[in-house]
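Colleague: Could you go through this one with me? I'd like to hear about side-chain contacts, and then about whatever else comes up.

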Amino acid sequence: MNKMSVIDMENVMKKDGHSPPYEMLPSEVQFYEKLYFKAKHVMKYASLVTLTLQNASLNLMMRYARMQRELFISSTAVVMAEILKLFICLFMVGLEEGNIWLLLGVLKKDILKQPIDTLKVAIPSFVYLLQNNLLYVGATHLDAATCQVTYQLKILTTALLSVIMLKKKLSVQQWISLVTLFVGVAIVQLAQLNAPASAETNHEQKPLLGMVAIVVACCLSGFAGVYFEKILKSTEEISVWMRNIQLCTASIPLGLVTVYFMDREEVSTKGFFYAYDFVVWIVIFLQAGGGIVVALVVKYADNILKGFATSLAIILSCVTSMYFLNFHLTGQFVVGAAIVMGSVYLYGRPQSAVGYKK
């Protein structure tokens, strides 16, 4: 509430021939203004903490889960994350609608009666599915800190594909930041390839395979994000929950097909939930709920704040990996990570030159 809103309300009521029921004193207006800005300030930093923890925790927990002696079947974990995400989104839509009958009506209207619109999201659904499977490959063969830094290449792929597919125009500053981002990631990868193999892992480490998996995942992430944005701009607007339900209705069947073709024999002999433990379920929950949490708090976070969150997540991943995941920090890694963090911050700085080509 602010002074303008109080004045506007009084003016409207005077035009209707009614006197305002209560006229706030200047001290009260000042109190509510301070309360509003204080709450906004708190939400801003709560968003910073949330984004930082979400960015770092998934990589750390995924790496820890892939270091266990008995490895779970990653393709099944991807499907379970999509199923969990579907139930979360159905629950949220149900809360918005009020009862199950209204929920069923909305699902019928936005999904069953719009099959073409639903089919359009099948492409990004499949791409996201491949991306999530590749992230598990990366987590198996790369430490969490290296994964966290390398995965920032999705900024580069998203920007390039936005220029190509959405005709987006980038400023000179943003192009410079993308080049330095690539250089920083390259330095980190060279540090990883030159690092000695860890003696505490239970499985053979193939850093080159992990690096390729993360880079391909970045390309898929960029394509899926830009393609999905293009879909959103060309179709009627529906809630973020319903969009996620559409994605899940396409990704779950595709995920089951992926399990069948990739891991059919292993699932048939060991079982769908082989080697699932508390840590694996945490990873699934983070993968399912992380993006939704970000969607809820991102309105309080500007680009600079998101850049800080990414930088803090990289630092948190490094420190945690050093103490708990047998990560050896090198000077080359520090230089590369610092360049990446600076690039992310530079790319997110507001620029009046950024816009869209007419």
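Colleague: Which side chain does Glu 266 meet in a salt bridge?

Modeller: Bearing in mind that this is a predicted model, the side chain of Glu 266 meets that of Lys 270 in a salt bridge, with an N to O distance of 3.3 Å. Both residues lie in helix 11, where they are four residues apart, or about one turn of the helix.

Colleague: Is Glu 266 buried or partly exposed? And what about Lys 270?

Modeller: Glu 266 is partly exposed, at a relative accessible area of 28%, and Lys 270 is partly exposed as well, at 42%.

Colleague: How many salt bridges does a search of the whole structure find?

Modeller: The search of the whole structure gives three. Another of them joins the side chains of Glu 82 and Lys 85, at 3.5 Å from N to O, and because these two are three residues apart in helix 3 (residues 74–97), about one helical turn separates them. Here both Glu 82 and Lys 85 are buried.

Colleague: What does Lys 109 form a salt bridge with?

Modeller: Lys 109 forms a salt bridge with Asp 110, and their closest N and O atoms are 2.9 Å apart. Lys 109 is partly exposed, with a relative accessible area of 46%, whereas Asp 110 is buried, at 5%.

Colleague: On to the rings, then. How many aromatic pairs are there in the whole structure?

Modeller: A search of the whole structure finds nine aromatic pairs. One of them is Phe 72 with Tyr 276, whose ring centres are 6.3 Å apart and whose planes are at 80°, so this pair is edge-to-face. Phe 72 is in the loop between helix 2 (26–65) and helix 3, while Tyr 276 is in the loop between helix 11 and helix 12, so the pair ties together parts that are 204 residues apart in sequence.

Colleague: Are those two buried or exposed?

Modeller: Phe 72 is buried, with a relative accessible area of 3%, and Tyr 276 also counts as buried, at 15%, because the cut-off for that class is under 20%. Ring pairs link both of them into a cluster that includes Tyr 136, Phe 272, Phe 273 and Trp 281.

Colleague: Which residue lies over the face of Phe 72?

Modeller: Arg 66 does, at 4.8 Å from the ring centre. Elsewhere, Arg 264 lies over the face of Tyr 260, at 4.6 Å from the ring centre.

Colleague: Changing topic to the backbone, where is Ala 275 found, and what is its phi?

Modeller: Ala 275 is in the loop between helix 11 (240–270) and helix 12 (278–297), and its phi is positive, about 65°, although it is not a glycine. Most residues other than glycine have a negative phi.

Colleague: Last one: which residues make the nonpolar surface patch?

Modeller: The patch, of about 790 Å², is made by Leu 312, Ile 315, Val 319, Met 322, Tyr 323, Phe 324, Leu 329 and Val 334. Helix 13 gives the largest share, six residues, while Val 334 is found in helix 14 and, at 41% relative accessibility, counts as partly exposed.

Methods:
Residues numbered from 1 in each chain as written. Predicted model: local features only at pLDDT ≥ 70, side-chain atom pairs only at ≥ 80, totals over all residues. Heavy atoms only, no water. Patch = residues over 30% accessible without salt bridge, like charges linked within 9 Å, V, L, I, M, F, W, Y side chains within 5 Å. Areas by Shrake-Rupley, 256 points an atom, 1.4 Å probe, with all protein chains shown as cover. Salt bridge = Lys/Arg side-chain N within 4 Å of Asp/Glu carboxyl O. Buried < 20%, exposed > 50% of the residue type's maximum accessible area, 1.4 Å probe, protein only. Phe/Tyr/Trp six-rings, centres within 6.5 Å; stacked < 30°, edge-to-face > 60°. Lys NZ or Arg CZ within 6 Å of the ring centre and 35° of its normal.
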